[in-house]
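Keep the sequence and the 3D view side by side as you read.

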Protein chains: 2
Amino acid sequence: MDNYVRIFDTTLRDGEQSPGATMTSAEKLEVARALARLGVDIIEAGFPAASPDDLEAVRRIALEVGVPSSTRPKPPVICGLARASKHDIDKAWEAVQQAARPRLHTFLATSEIHMRYKLKMDREQVIERVAEMVAYARSLSEDVEFSPEDAGRSDPDFLYVVLADAIKAGATTLNIPDTVGYTTPDEFGALIAAIVKNTPGIGNCIVSVHCHDDLGLATANTIAGIRAGARQAEVTINGIGERAGNTSLEEVVMALHTRRPVFNLTTGIDTTHIMRVSKMVSSYTGIVVQPNKAIVGANAFAHEAGIHQDGMLKHNQTYEIMRPETVGVTHSRLVLGKHSGRHAFKTRLQELGYALSEAELDKAFARFKDLADKKKVITDADLEAIVTDEFYQPREVFTLDGMQVACGTMGMPTATVRLRGPDGATRTAAAVGTGPVDATYKAIDAIVQTPNTLLEFSVHAVTEGIDALGEVTVRIQSNDGQHKLDAQKEVDQPRTFGGHGADTDIIVASAKAYLSAVNKMLVATGVRGGEEESASEVGVMLVC
Amino acid sequence: MDNYVRIFDTTLRDGEQSPGATMTSAEKLEVARALARLGVDIIEAGFPAASPDDLEAVRRIALEVGVPSSTRPKPPVICGLARASKHDIDKAWEAVQQAARPRLHTFLATSEIHMRYKLKMDREQVIERVAEMVAYARSLSEDVEFSPEDAGRSDPDFLYVVLADAIKAGATTLNIPDTVGYTTPDEFGALIAAIVKNTPGIGNCIVSVHCHDDLGLATANTIAGIRAGARQAEVTINGIGERAGNTSLEEVVMALHTRRPVFNLTTGIDTTHIMRVSKMVSSYTGIVVQPNKAIVGANAFAHEAGIHQDGMLKHNQTYEIMRPETVGVTHSRLVLGKHSGRHAFKTRLQELGYALSEAELDKAFARFKDLADKKKVITDADLEAIVTDEFYQPREVFTLDGMQVACGTMGMPTATVRLRGPDGATRTAAAVGTGPVDATYKAIDAIVQTPNTLLEFSVHAVTEGIDALGEVTVRIQSNDGQHKLDAQKEVDQPRTFGGHGADTDIIVASAKAYLSAVNKMLVATGVRGGEEESASEVGVMLVC
């Protein structure tokens, strides 16, 4: 058996399925690009049968990230998920087929509880369906992955039979999910070892592991599975995903990396990109990373990067088993100031990994100069916030034209908001609320007139200092019954929309974040933007 | 070997050591009470040699939580940490001796890298010091715990010798720390098994495990250690602690609980208190819990509590291995409204576990009525925010008397703040900032005149809905060189102070949070409050 572990990232599929993690197609594409730079082997880009939006997002990733380029001669495999039905497999194939290396991933549950209560199928019916659908997928694609859902709670003897039939039908990767995060490392390692030993024909396939963190054991279970013979690990950035989430990419990769003499296993990951992708995913999904999160938490390293004195280094090793630089933690320091020119600005953005067009650079530079007027110290984090806020916003149906707010302890917080609508006309509304944000949102609602519920609202300062840029993330739920199909539970979930905004004024940032979420919701419900929208954006934002 | 695993909670010691987690003595006491209700066996209440403040906090916990009461006939063991020196052990004993069941915990590093670079001691010197200091601790206390620091990277043969000498000198609990979170479950389990097998005299001691989560393996390592013979697990609430933090109490306890047939091990934890203690610790330390955190994250459960239809329950089990009610997740619903009376309010607070005096109840009820005027739906989370904001604040040196703010896209955000100072007089200042929070903090600074740096600023909505209470957490660092002794690194760390505030107006909440942090800093630097402070508070807040 080789010692190369394939990293299968499902941030865009299982990760995006977590409540409120909805990303726009533009954001998904950006995450896929970042995952490719990170060196991920397989990107599970979505569940194309969920909606035309989801299909289109996967198709764009296949076309733009799944093809060879000068910097990436061997692009990542682009994978689409499908339930075990022709309809789903057709949709998934439609989405991924233009990638240089497409993969179809189909699944069917094999645990007694899932077969009885969800599928309402018996063992014979499950075996028959798996054989039929894996064969159908294989008739379209050379690369087919099959997962027996809830394998962790399935009868192992039944698993060997289902998996052997999937192999006979043409599956090339067999993924063993602990769907509900129920197993211990000993159990899960033993299950993988037993599957490798007892499944006829498995020698020609890649065995994969897919764990969930309900008991805090996902990373340990994944590593136990790899040690027992799995050579693909299914993971997400920051461990996002439903409930307690999936296995964290960064934890598995850095455990294998840091303890390489013990494991003798390698991955294709460029670890120095880990922190940047982590921040991007946190920003786009609005799912915060706690300070004490392993590898990517703000406190994860005892010492800041950039300390190179010999004495200090020795001291570092007494409490630090990884160097911050290894995962791309850069010391947040003064890089640019009020007098920095366009060239220095462009160079720093390139160093940070952003390749902007000249027109985009002009817009970003104007934002930078504006910020430099207000704030003495401009850090990398500020630059990243500017770029994110400026370019990764949804299509604007309504734009913020101006606002003013008065609040304090005297009661009656009041906001006046002027928005430019899809018709190009401006409308102004004033509202009183329980606080300045509430007043602002009420004024926006008075203009936009789209009923929704605010599920989450959070603000954090991007950088140190009280003159910091504030970054606001909100998550709203449509009140008019919009739903999205969930692949596994086979139920429609209420759709939620996240938005983010950055400004030195957190009330203005709050307004931007809310408008960003409301605009996503309007696009999803079919409200069309004005004339200025680009053709490609119309393509992306097809109404479902 | 019995099958009872002792839960040793070090939230107040190793957890409080994480950046910015500083709690006031009043908050520490409240957390200790909550840990006792949770059923923790041992509370490590602090490192008394760090400062007189720390000693006093441990002493109060020993006196108020470490003694038998009608509801708790067998109180938890109260433990104080001490380096292997007479000075530290004396301080620790001074702090814990009045508990019904006091414990002294001393440690010395045993890994080559720590002995060489930190201790500058050889093996012989380490053995001698351990024997001497454990014997000294045992001369004071019947219950003595010893930890060979960085055991995970120590030579096992050397460990057996050190541990055997500690046992001979009187140690009753031997704790094996993986100080830097370096080991894998297989390695750590094997280490514990080897220690149990090869250490003379260990049969009469309790073996303990203490893991860190740098590679995301703390929970798995802890469980591996327990299965290999450890019967004490050192953990923190929410897994807080330095770097990636300590093992999470909730993950270890719920893994043992959920998979009890596999492990056949029990703990004394009342799991239904887990969520409340988690929220309390997050609120006091300002360390957020990510939504995808196992057990206590906001998304950890697939379904909300309180759904009892039969069909739904069966469906729940397909994706849920624990019931939300088991860990105390209550459905956040309308419990009280505008017309609710004082009795209903008091009853609900009691149900939530708060026992307020009549005077406190009056204050809280006034806050509740005020909120009910602004907000239609008052949930349990709102009630908890009111109680936290009203009663768990540091002594107020400066209090907010009034404020007004104007901001928006027109530039020039302006705040006017009126504070009442320690002399009882009010002072008013106005300031312009980059945003309303910056302007407010500049105005406060103009009055308080205490230089500091804002390290962190975050806001989140307590409940759903745009009229929600906003809860703000800030962390500041004193600019005048205040430091606090770190037990392990033997270096002074810059002191940081956290503050929180809640209000429907997030700018007012921001002002409250900042004032709360500034007041903590002023108390620590020796600025005394006004005359109205209670005698017990003066006792708690002794100047260091």
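## The model and chain A

This is a predicted model. Chain A has 544 residues, and 65% of them count as buried. Its secondary structure comes to 19 helices and 16 strands.

Begin with strand β2 of chain A, residues 42-46. This strand is mostly covered, with 5 of its 5 residues buried.

Strand β2(A) pairs with two other strands described here. One is β1(A), residues 6-9. The two run in the parallel sense, and 2 bridges pair them. Asp9(A) has Ile43(A) as its bridge partner in β2(A). The other is β3(A), residues 77-83. This pairing is also parallel, with 4 bridges. Here Glu44(A) has Cys79(A) as its bridge partner in β3(A).

Helix α3(A) covers residues 52-64. Together, β2(A), α3(A) and β3(A) form a β-α-β unit. Is the unit right-handed or left-handed? The unit is right-handed.

## Where chain B meets chain A

Now turn to the interface. On the chain B side, 97 residues are in contact with chain A. On the chain A side, 98 residues take part. The size of an interface is often given as the accessible area lost when the parts come together. For chain B and chain A, the buried area is about 8,000 Å². Carbon and sulfur atoms account for 62% of it.

Glu187(A) and Arg259(B) form a salt bridge through their side chains, at 2.7 Å from N to O. Which element gives the largest share of the side of chain B that touches chain A? It is strand β9(B), residues 399-408, with 8 residues.

## Salt bridges within the chains

Side chains of opposite charge can pair when their charged atoms come close. Over all chains, the search finds 68 salt bridges.

Look at Arg103(B). This residue forms a salt bridge with Asp143(B), with the closest N and O atoms 2.8 Å apart. The pair links distant parts of the chain, 40 residues apart. Arg103(B) is in strand β4(B), residues 102-109. Asp143(B) is in the loop between α6(B) and β5(B). Arg103(B) also forms a salt bridge with Glu145(B), where the closest N and O atoms are 2.7 Å apart. Glu145(B) is in strand β5(B), 42 residues from Arg103(B).

Are these residues buried or exposed? Arg103(B) has 5% relative accessibility, so it counts as buried. Asp143(B) counts as buried too, at 17%. Glu145(B) is buried, with a relative accessible area of 0%.

In chain A, salt bridges with shared partners join Glu30(A), Arg33(A), Arg60(A) and Glu64(A) into one network.

## A closer look at Asn452(A)

Asn452(A) lies in strand β12(A), residues 452-461. Its relative accessible area is 15%, so Asn452(A) is buried.

What does the side chain of Asn452(A) make a polar contact with? The partner is the side chain of Tyr514(A), at 3.0 Å. A polar atom of the Asn452(A) side chain also lies 3.2 Å from the backbone oxygen of Thr450(A). Leave aside residues up to four places away in sequence, and Asn452(A) touches Asp445(A), Ile476(A), Gln477(A), Asn479(A), Tyr514(A), Val518(A) and Met521(A).

Terms used: Residues numbered from 1 in each chain as written. Chains lettered and ligands numbered in written order. Predicted model: local features only at pLDDT ≥ 70, side-chain atom pairs only at ≥ 80, totals over all residues. Heavy atoms only, no water. Buried < 20%, exposed > 50% of the residue type's maximum accessible area, 1.4 Å probe, protein only. Pairing = 2+ DSSP bridges. Right-handed = clockwise from strand over helix to strand, strands pointing away. Contact = heavy atoms within 4.5 Å. Buried area = accessible area lost by both parts, 1.4 Å probe. Salt bridge = Lys/Arg side-chain N within 4 Å of Asp/Glu carboxyl O. Polar contact = N/O pair within 3.5 Å; in protein donor to acceptor, adjacent residues only side chain to side chain.
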